[in-house]
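Below is a short note for a colleague who has not seen this structure before. The points are numbered so that they can be checked one at a time.

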Amino acid sequence: MSTEKELFTISVYTENNIGLLNRISAIFQRRHINIESLNISPSEIENVSRFTIVANMIEVDVRKIIGQIEKQVEVIKAYYHTLDQVIYQISGLFKIKSELLFEERQIQNIIKESNARIVTVNKEFFVLEKSGKKEEIADLYDALSVYGIMQYTRSGLIAVTKDEMKISSLLESYNN
Amino acid sequence: MDTQTIKNNDASKKITERISGSEAIVRCLIEEDANIIYGYPGGAIMPVYDELYKYQDKIHHVLTRHEQGATHSAQGYARISGKVGVAMATSGPGATNLITGIADAQIDSTPLVCITGQVFSHLLGSDAFQETDIVGISTPVTKWNCQVTKAEDIPAAIAKAFYIAKSGRPGPVLIDITKDAQLEEFDFSYEKCTKIRSYNPVPETDVSSVKAAAKLINGAKKPLIVWGQGVILSEAETQLKAVIEKAGIPAAWTILGASAIPTSHPLNVGMVGMHGNYAPNKLTNECDVLIAIGMRFDDRVTGSLSTYATQAKVIHFEIDPAEIDKNVKTDIAVLGDAKASLELLLPLLNETKHSDWLQEFKDLYAIEYEKVIKDDLYPTKEGITMGEVLKEINIQSKGNAAIVSDVGQHQMIACRYADFNVTKSNITSGGLGTMGFGLPAAIGAKMAAPEREVVSISGDGGYQMTIQELGTIFQQKAAVKVVVLNNDFLGMVRQWQQLFFDKRYASTEMVNPNFVAIAEGYYIKAKKVTKREELADAVAEMIASKEAYFLEVCVEKEDNVFPMIPTGASVSDIRLE
């Protein structure tokens, strides 16, 4: 097991419960581990939520944290993966003055080359959306920041794993 | 029948009754066989107390003198009986005062259900009078918690609370119930909880892991068992005894494992850890197979991890998957309930006697006896030692007492020297080290097991943290024997100051009150002993007393507890002086 820190995605299947987020984040807090990003959404199973947590840590600690997460009553199962074991996306939103679109020809090229999508345009501003890896969004940010960005935000990482996660059969076995 | 309409609910075929949320709380507690509960009333929980008044023939509510006392009493009740302890408090300060006991129960795996009142649900989040976010505050120290804002949700929440508290690795649970939910009427019915979809409290023992463990144990030349409270929680005492006897394995215990096997058992080689016995600590680093059963390799047990049992193959019998490899890397993990796993293990073990290996423990015991134990139990110096007080208690109680200790030097001495013939007899705050635990825990223990002799042993420091619970002893007529070993110091901290801070006794000296007068102020029979020749008679009188009894013993002021593994040192570097 590597003793180097690396980014792990931690996928947690849970009951949809008020307060569970606190319980899970407290596990990271106790060990002084900074959560890089966190996303909670419905999962492929009805009434089951999925947390996707990204943290920079060593694998030994990830394993311990998985155990402590799974110990929570309302957690069904937790998995951890390195970034190369998952297919992931991050989404970035950029709000930019509309006049730049016409004054700075280069911006149009940036949009084209980055495969960013224009979500909306009006007289004052337009909004760009870009999904991809963290670096791709960072590159777009760097390119656009030269011209001025009115607002910028980036989503948490969401990921699906390359290997199978057998939550449905696990739930079935619990029910029997 | 005017206020209660009994009707048949066709949909569920359940018999329901229209009652208030607060009555439902009390009815649920009765359903869960909580015959004694501990608490303190206040605004947001008053409707429940009104119902407790009506149901007082079925459920005995004990008014403690502080909410912390309520949780510790509930812990004492749970630890001696194996049942779920119940504590109750109002919102705000009532609820926050429960926290220390809850945190203690969490780290020591004690089943507890705590019920707190909460402000009306329309006031939640508005900084209302006595509003505090107790669900948020208690989250890191509970196994599970929830807030109930509707009466109809009360029965399911309480059923779930008892199930979670007791099942698997036990722990504390808190339910926060708003006042409007207590007042609201609804159709009540009760169904115990036996299953939660996302919760798998007892992993089924994997037979192949047990076989692998048996193979390793059968091949071992120098096996050592270290058992913990898991043995007591799963009631695996008989199975453990059978295993150690058949395989002839020396067995040591953690502080919370104490009493699972009688002290006098020839294969019981004593306590591991910071102030444990010399032999099991030293030989942890000599054994070839270390068999941990229901223990969690706490840092007070292992000392420096990098030098802990590195020569040994480690087998870990454990119910909580999160404990596997948490502190010590195991070679074979046997997940499951200790009792079930040991039952599977027993027939696979060869009958063995490890006489030479056992002799090594005896040899090291002889060294510890000469250097430490002799002077602790049979001192020749003038001052009374804590050890000789324990020796007298052993003699008078014939080793049948439940010893409820507080935290500090006296606790280590009590665990080292108390004779335990009966399981569930060592009630102490192990993981959290909560000063003030002892006295209220002893009250809970005595009330849960009135037939047993319960001796509370505290130091002068911890005793004064919850001294007001003498009022509970008096009001409940709880025949607790209260011993204070008074050295006018916060002894354990003073010991560390002496050893590691050049005797700079910063804020550890205590100017103490007249403890006898205080006990007598609560109408409790009391005596103070300052001379060795008075000790035996005083202890005899205390044990013989049918009522509560307070005994202050003035002990040598600057005695130290040895052996000792300094923080961060290896178990092999255990010091005898």
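1. In this predicted model, S37(A) and V54(A) stand opposite each other, the latter in β3(A). The strands concerned are β2(A) and β3 (residues 48–57) of chain A, which run antiparallel and are joined by 7 bridges.

2. Which strands make up the sheet that holds this pair, and in what order? The order is β2-β3-β1-β4 in chain A, an open sheet of 4 strands with antiparallel pairing. β2 (35–42) and β4 (75–82) of chain A have a single partner strand each, so they stand at the edges with one side lacking a neighbour in the sheet. From one strand to the next the twist averages 15°.

3. Two helices lie across this sheet. Helix α1 (residues 20–30) of chain A lies across β1 (6–15), β2 and β3 of chain A, and runs at about 155° to β2(A). Helix α2 (residues 59–70) of chain A lies across β1, β3 and β4 of chain A, and its angle to β4(A) is about 165°.

4. On domains, the assignment for chain A lists two. Domain 1 is made of 6–87 + 158–168, and domain 2 covers 89–154. Taken over C-alpha atoms, the centres of domain 1 of chain A and domain 2 of chain A are separated by 31 Å.

5. Where does chain A touch chain B? The contact involves 18 residues of chain A and 16 residues of chain B. On the side of chain A, at least two residues each are supplied by β1, α1, α2, β4 and α6 (167–175). By class, the side of chain A that touches chain B has 6 nonpolar, 6 polar and 6 charged residues.

6. Two packed helices are described by the angle between their axes and the distance between the axes. For helix α11 (residues 237–247) of chain B and helix α14 (residues 338–345) of chain B, the axes come within 9 Å and cross at roughly 30°. That angle makes α11(B) roughly parallel to α14(B), and the crossing of the two is left-handed.

7. The residues behind that helix contact are as follows. α11(B) contributes Q239(B), L240(B) and V243(B), while α14(B) contributes K339(B), L342(B), E343(B) and L345(B). By class, the contact of α11(B) with α14(B) has 4 nonpolar, 1 polar and 2 charged residues.

Conventions
Residues are numbered from 1 along each chain as its sequence is written. Chains are lettered from A and ligands numbered from 1 in the order in which they are written. This is a predicted model: local features need pLDDT of at least 70, side-chain atom pairs count only at pLDDT 80 or more; totals for chains, interfaces and linings use all residues. Domain bounds come from an automatic or database domain assignment. Two strands pair if DSSP finds at least two bridges between them. Axes are lines fitted to C-alpha atoms, for helices over the stretch in contact, and angles run from 0 to 180 degrees between N-to-C directions. Two residues are in contact if their C-beta atoms, placed from the backbone, lie within 7 Å. Angles under 35 degrees count as roughly parallel, over 145 as roughly antiparallel, 65 to 115 as roughly perpendicular and the rest as oblique. A crossing is left-handed if the near helix is turned anticlockwise from the far one by less than a right angle, and right-handed if clockwise. Ala, Val, Leu, Ile, Met, Phe, Trp, Tyr, Cys and Pro count as nonpolar, Asp, Glu, Lys and Arg as charged, and the others, Gly among them, as polar.
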